[in-house]
Every structure is written in C-alpha cells, then in structure tokens.
Amino acid sequence: TAKIEAAHEALLADFSMYREFEQSSELQEYLELELLINSAAFKQKKVELQHLSLKGSREEALLKELKKLDKNSLLRKYDAILKSEELKRFEKISVSENLKHYKELKAAVEIHSYAAIRKKGKESAEYALYVEFQQVKKSAEIQFFKHFRMSSALRNYELMEDSPELKRREELRNITASAEFNARVAYLEDNQKWDNTEEAAK
C-alpha cells in the first residue's frame, strides 16, 4: 500500500501541476500564438512576404527606366557638352565685350555694300570700320564662337536642356538616391525578410 500511496501522491502532484499550468499565462500565450499562426491572415501575410522581391516591383521599374535614360545617346552627348571646356568658352564669349564689338562692327559695315565702301576710298571712316570688322571677324575667339554656335553638339545641348527626358532623369536620380528608396530595395532583396518580422519572432 505504501507503493500505491506514493503513486497516488505523485499523480495528485502531477494533477495539481497540470491544473496550475492550465491556468498559467504561458499556456494562454501559447494558445493565442497557435490561433494566430493557424489563422488565414497570418498564413497569407507570410506567403506575401516570402514572395515579395525586387523583381516586378515599382522600384525595379524605376531603376530600369533610369538605366535606359542613362544610356540615351542624346542625353550622353548633352552630358559631354555640359562638362566640356568648349561650352564654358562659348558661354564666356557670349557675354564678352569682344563679341559685342564684333556685332556692332558687323551692323555698321552691313549697312553699306562692299562696292559702296570701296568707292568712298581707303581713307574713309566706313573703310576703316570695314578693315577693323575683317580683323575682328578673323580672330580666334570669334571664329570659335561662330563655328561652335553652328555645331550639332550645341544644337543637341540646347534641344536637351529643357527636355522631358532630362527632367525625368533628374527626378529618377533624386528618387533612387534617397535613403528611403535604397532601404526599400534592400528590404525587397532580403531573402530573410520574413524572419525579421514581429510575427516570425513570436
């Protein structure tokens, strides 16, 4: 009977422990988690997060669009001219006194025909202006200005300067350079994103 009593005591102790566990917060938490894990919403979220990736995302589309614009030949030519010494020189000459003087001489000389200037003689003020105009016209600065102004490089630069393509590229560069965008891309590329969620931690 001592054996039976010991076994009975052990059973009572186990039963008491079971009743305590049945009322415990740990069991309640476990049951709540089991309900959550088996819920359709939880399973759906897990599947969605596991299938969420950069491929097919809005972020991928923006990156592809930017890459395409970066390869655009007209924009590449625009970039090359924008950084060039030629454009700096052209812009400097555009506001120079030398160009202003050239334009004034040109206007003064073109009033008369060359034949009329020759008739007035080499001692006339008109002939002196004509000679000065020819010298200024042949200067390296004016020759460069006239040649560059007619170049396809400058035409392309002016065409692209206010183009929708350039504006869109700048907009995309700002978007893709932002910390928020890069954090989203990193999140989409993370294969362990589900493991980092609150739900997975539970």
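## Aromatic contacts in a predicted model

Arg 89 lies over the face of Phe 144, 4.2 Å from the ring centre; a charge counts as over a ring if NZ of Lys or CZ of Arg is within 6 Å of the ring centre and within 35 degrees of the ring normal. This is a predicted model, where local features need pLDDT of at least 70, side-chain atom pairs count only at pLDDT 80 or more, and totals for chains, interfaces and linings use all residues. Residues are numbered from 1 along each chain as its sequence is written, and side-chain values use heavy atoms, with hydrogens and water left out.

Phe 144 also belongs to an aromatic cluster with Phe 90, Phe 145 and Phe 148. Searching the whole structure turns up six aromatic pairs. Rings of Phe, Tyr and Trp (its six-membered ring) pair if their centres lie within 6.5 Å; planes under 30 degrees apart count as stacked, over 60 as edge-to-face and the rest as tilted. Here are two of the pairs:

| Pair | Centre to centre | Angle between planes | Type |
|---|---|---|---|
| Phe 90 and Phe 148 | 5.2 Å | 50° | tilted |
| Tyr 102 and Phe 133 | 5.6 Å | 20° | stacked |

Phe 90 sits in helix 6 (residues 85–94) and Phe 148 in helix 10 (residues 140–149), so this pair links parts of the chain 58 residues apart. Helices here are DSSP runs (H or I, at least four residues), numbered from the N terminus.

Tyr 102 is buried at 7%, and Phe 133 is buried at 6%.

Conventions:
Helix = DSSP H or I, 4+ residues; strand = E, 2+ residues; numbered from the N terminus. Buried < 20%, exposed > 50% of the residue type's maximum accessible area, 1.4 Å probe, protein only.
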